[in-house]
There are 2 protein chains.
Amino acid sequence: MTFERDNIRRMSGYVSGEQPDDARTIKLNTNENPYPPSSAVRDVLANIDPAALRRYPPATGAKFREIAARLHGLEIDNVIATRGGDELLRLVITTFVDPGQLIGVTDPTYSLYPVLAQVQDCPLKRVPLIDGWHLPADFTEQMNDAQVRLTLLVNPHAPSGQLLPIDTVRQLAGRLDSILLLDEAYIDFVDHPYDTIALVQDHENVIILRTLSKGYSLAGLRFGYGLGAASLIEPMLTKTRDSYNLDLISQLIAEAALSDQASARQSWQKVIAERGRLLLELEALGFAGKPSQTNFLLVTVPAGQYAEVLYSTLKKRHILVRYFASPGLEDKLRISVGTHDENTRLISTLREIL
Amino acid sequence: MTFERDNIRRMSGYVSGEQPDDARTIKLNTNENPYPPSSAVRDVLANIDPAALRRYPPATGAKFREIAARLHGLEIDNVIATRGGDELLRLVITTFVDPGQLIGVTDPTYSLYPVLAQVQDCPLKRVPLIDGWHLPADFTEQMNDAQVRLTLLVNPHAPSGQLLPIDTVRQLAGRLDSILLLDEAYIDFVDHPYDTIALVQDHENVIILRTLSKGYSLAGLRFGYGLGAASLIEPMLTKTRDSYNLDLISQLIAEAALSDQASARQSWQKVIAERGRLLLELEALGFAGKPSQTNFLLVTVPAGQYAEVLYSTLKKRHILVRYFASPGLEDKLRISVGTHDENTRLISTLREIL
């Protein structure tokens with residue numbers, strides 16, 4: 001006997017990257033920031049009164065939302081604080097897409113999107129990227145013709161690390177009939193000025209996803225936020241969000257971390273510098289990849305090598321990278337940019353293996 | 001223009017109790033535990049390495065689930081850890097109830113249930129409680145005849161504080177065609193041995209909700225858990241749950257708090273003792289209520305008084321209680337049991353007002 005709904009019974013869950021307990025493992029598989037979070041986090045932890053935990057936390061994270069609004073030049077009504085980007089993605093689907101309506105994605109894309117669509121019993125409109133991970137010229141027409149209700153676009157793109165030209169994003173926002181969710185989980189690692197925030201003010205159909213997981217070294221905290229027109233934010237904030245979705249401690253830490261832009265920026269600069277070096281070193285070993293605007297590289301393994309085998313061999317040597325057994329990705333590995341020492345050990349290990 | 005789904009546009013969100021910043025306010029409106037959490041919470045906070053936050057947390061809270069399983073004599077597969085009871089309620093609906101299928105509740109009940117049902121676009125089958133907050137004898141038949149898919153039963157009951165006889169709960173589990181979710185948010189305040197855990201082993205349709213918000217003085221942490229047959233837990237754990245739903249810090253604190261049963265029990269005993277005294281004192285002032293098995297009292301205001309006016313007058317004097325403007329509750333106040341001093345101040349303030 002099963003009580004599961006048909007759509008749930010048919011689906012498989014999201015498979016996250018391995019999280020070994022083992023301290024000696026070099027984790028280059030889940031795109032965590034290799035540097036620690038702001039030193040303000042320690043101060044926050046030291047000043048938490050355990051007795052304060054007996055009360056319910058601020059319901060909507062208003063203080064965090066004010067800080068985020070100020071950072072981006074928006075109003076508090078344009079901001080929703082969520083438990084990681086995951087919660088925002090779920091809320092957008094729950095609030096705006098009826099079961100049976102189409103959700104639009106590129107192929108490939110972030111592997112969580114199809115899972116969330118299945119939970120809501122929504123079919124996908126998948127539009128394959130073309131050579132070099134570009135959007136096809138008729139992307140908007142394909143989405144509009146299919147009457148897609150929500151387009152989920154990770155930009156910079158995962159797993160390729162490529163960034164859309166800002167003009168392309170602006171055109172999508174203006175021409176798509178659907179809501180456009182720009183998943184900017186990796187935006188902090190872009191190496192040149194690039195800002196889509198104005199789209200929130202100009203378009204009533206744009207939601208920008210940000211997370212503290214990567215750029216602020218706080219994947220363990222589960223904190224993200226969404227930016228959008230007040231008309232889009234309001235129903236998520238007041239109706240579909242779990243009441244008290246954010247615990248007190250994570251609110252305090254997130255407020256401090258987002259306020260310390262200097263510390264976060266330092267980690268971005270270090271990641272960007274290491275990313276360049278790592279790609280050069282990998283290319284010297286026969287890997288091929290394009291420069292990335294994220295904190296990971298997607299590289300094609302050298303001729304004669306198998307990506308899955310290489311993944312396993314590295315794992316035996318306590319280095320975790322990500323392998324995707326999906327069309328177009330079978331000959332590639334996704335490698336998070338680690339610290340200088342971690343990247344060096346990856347390269348020297350690969351040199352031994354190859 | 002609105003992008004909201006029809007069911008979301010039509011609904012109103014959950015209204016939680018007021019959370020004033022004001023330190024002098026006596027908060028007897030949201031059923032928080034008046035005593036602080038386990039002293040182990042302070043130790044956990046002191047030992048958190050901020051650098052550990054840069055990594056994703058344990059995905060399913062396995063260590064907490066082991067502790068909970070051991071506490072209740074179950075297996076880890078019978079346990080899901082969630083962000084408060086709220087997340088469990090949402091997951092149960094998402095996983096087991098199709099839009100359009102019926103969710104069964106008593107009337108009155110916890111005011112969040114209708115909100116969650118509306119988010120999933122599920123109509124409610126409401127069965128009114130009869131005199132003294134009893135279930136009608138044909139409760140099961142009414143639910144089965146209506147083909148209810150999920151019955152949400154808060155026990156001890158909110159807002160009345162009444163506890164169902166254990167035999168009644170056992171009969172419901174055996175006879176209901178639906179899933180039976182027993183919301184035991186207040187179970188820790190029952191003043192005699194009472195244990196429904198065996199139902200999880202005997203019935204494949206029972207899910208028990210527990211929370212650390214009340215019994216463990218951790219409403220600010222957002223941590224709860226569900227107990228049920230592995231066949232019920234598994235799809236929530238692997239498919240419908242947000243990946244990484246629990247942050248690292250709250251997992252560590254919840255593990256420590258649930259392990260410290262002695263400290264929690266002390267707070268339960270103090271609340272139970274104060275609850276008895278508070279009811280006697282309120283009765284002496286002309287209020288009427290039944291003994292409660294929760295950490296709150298539902299009392300009818302004295303003849304000639306209006307509950308809403310009394311609520312407002314108390315609020316002006318910096319004492320918050322809960323007033324519900326709904327049928328059958330308009331002449332009542334729900335008052336959380338505070339500390340000895342808080343309860344004494346409530347009584348002396350009421351004496352001045354009345």
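Let me start with the overall size of chain A. For 354 residues, a compact globule would have a radius of gyration near 20 Å, and chain A comes out at 20 Å, so the two agree. Keep in mind that this is a predicted model. The C-alpha trace of chain A spans about 55 × 55 × 55 Å along its principal axes. In secondary structure, chain A comes to 13 helices and 12 strands.

Next, the domains. Chain A is divided into domain 1, made of 6-36 + 262-353, and domain 2, which is 40-260. Their C-alpha centres lie 24 Å apart. On the domain 1 side, 29 residues are in contact with 25 residues of domain 2 of chain A. Which elements of chain A give two or more residues to the domain 1 side of that contact? They are α11, residues 261-284, and β10, residues 296-300. Of the elements there, α11(A) gives the most, with seven residues. By class, this domain 1 side divides into 14 nonpolar, 12 polar and three charged residues.

Now to helix packing. Two packed helices are described by the angle between their axes and the distance between the axes. I have one pair from each chain.

In chain A, the pair is α3, residues 62-72, and α10, residues 248-259. The axes of these helices come within 9 Å and cross at roughly 15°. Angles under 35 degrees count as roughly parallel, and α3(A) and α10(A) are therefore roughly parallel to each other. The crossing of α3(A) and α10(A) is left-handed. What does α3(A) bring to the contact? From α3(A) come Lys63(A), Phe64(A), Ile67(A), Ala68(A) and Leu71(A). They meet Gln251(A), Ala254(A), Glu255(A), Leu258(A) and Ser259(A) in α10(A). Sorted by class, the residues of this contact of α3(A) with α10(A) are six nonpolar, two polar and two charged.

In chain B, the pair is α11, residues 261-284, and α13, residues 340-353. These two helices of chain B pack at an angle of about 5°, and their axes are 11 Å apart. That angle makes α11(B) roughly parallel to α13(B). On the α11(B) side, the residues are Glu274(B), Arg277(B), Leu278(B) and Glu281(B). The contact of α11(B) with α13(B) has two nonpolar, two polar and three charged residues.

On to the contact between the chains. Chain B puts in 64 residues, and chain A puts in 64 residues. On the chain B side, the elements that give two or more residues are α2 (40-46), α4 (84-96), α5 (112-119), α9 (230-240) and α10 (248-259) of chain B. Which of the elements gives the most to that side? It is α4(B), with seven residues. As for composition, the side of chain B that touches chain A has 31 nonpolar, 17 polar and 16 charged residues.

Last, some backbone geometry in chain A. Most residues other than glycine have a negative phi, and most peptide bonds are trans.

Where in chain A are the cis bonds? One joins Asn155(A) and Pro156(A), with omega at about 0°. Another joins Ala158(A) and Pro159(A), where omega is about 10°. Pro156(A) lies in the loop between β5, residues 150-154, and α7, residues 166-175, of chain A. Pro159(A) also lies in the loop between β5 and α7 of chain A.

The remaining place is Asn31(A). Its phi is near 60°, a positive value in a residue other than glycine. Asn31(A) lies in the loop between β1, residues 26-27, and α2, residues 40-46, of chain A.

Conventions. Residues numbered from 1 in each chain as written. Chains lettered and ligands numbered in written order. Predicted model: local features only at pLDDT ≥ 70, side-chain atom pairs only at ≥ 80, totals over all residues. Axes fitted to C-alpha atoms, helices over the stretch in contact; angles between N-to-C directions. Helix = DSSP H or I, 4+ residues; strand = E, 2+ residues; numbered from the N terminus. Parallel < 35°, antiparallel > 145°, perpendicular 65-115°, else oblique. Left-handed = near helix turned anticlockwise from the far one by under 90°. Contact = placed C-beta atoms within 7 Å. Nonpolar A, V, L, I, M, F, W, Y, C, P; charged D, E, K, R; others polar. Domains from an automatic or database assignment. Rg over C-alpha atoms; globule rule 2.2 N^0.38 Å.
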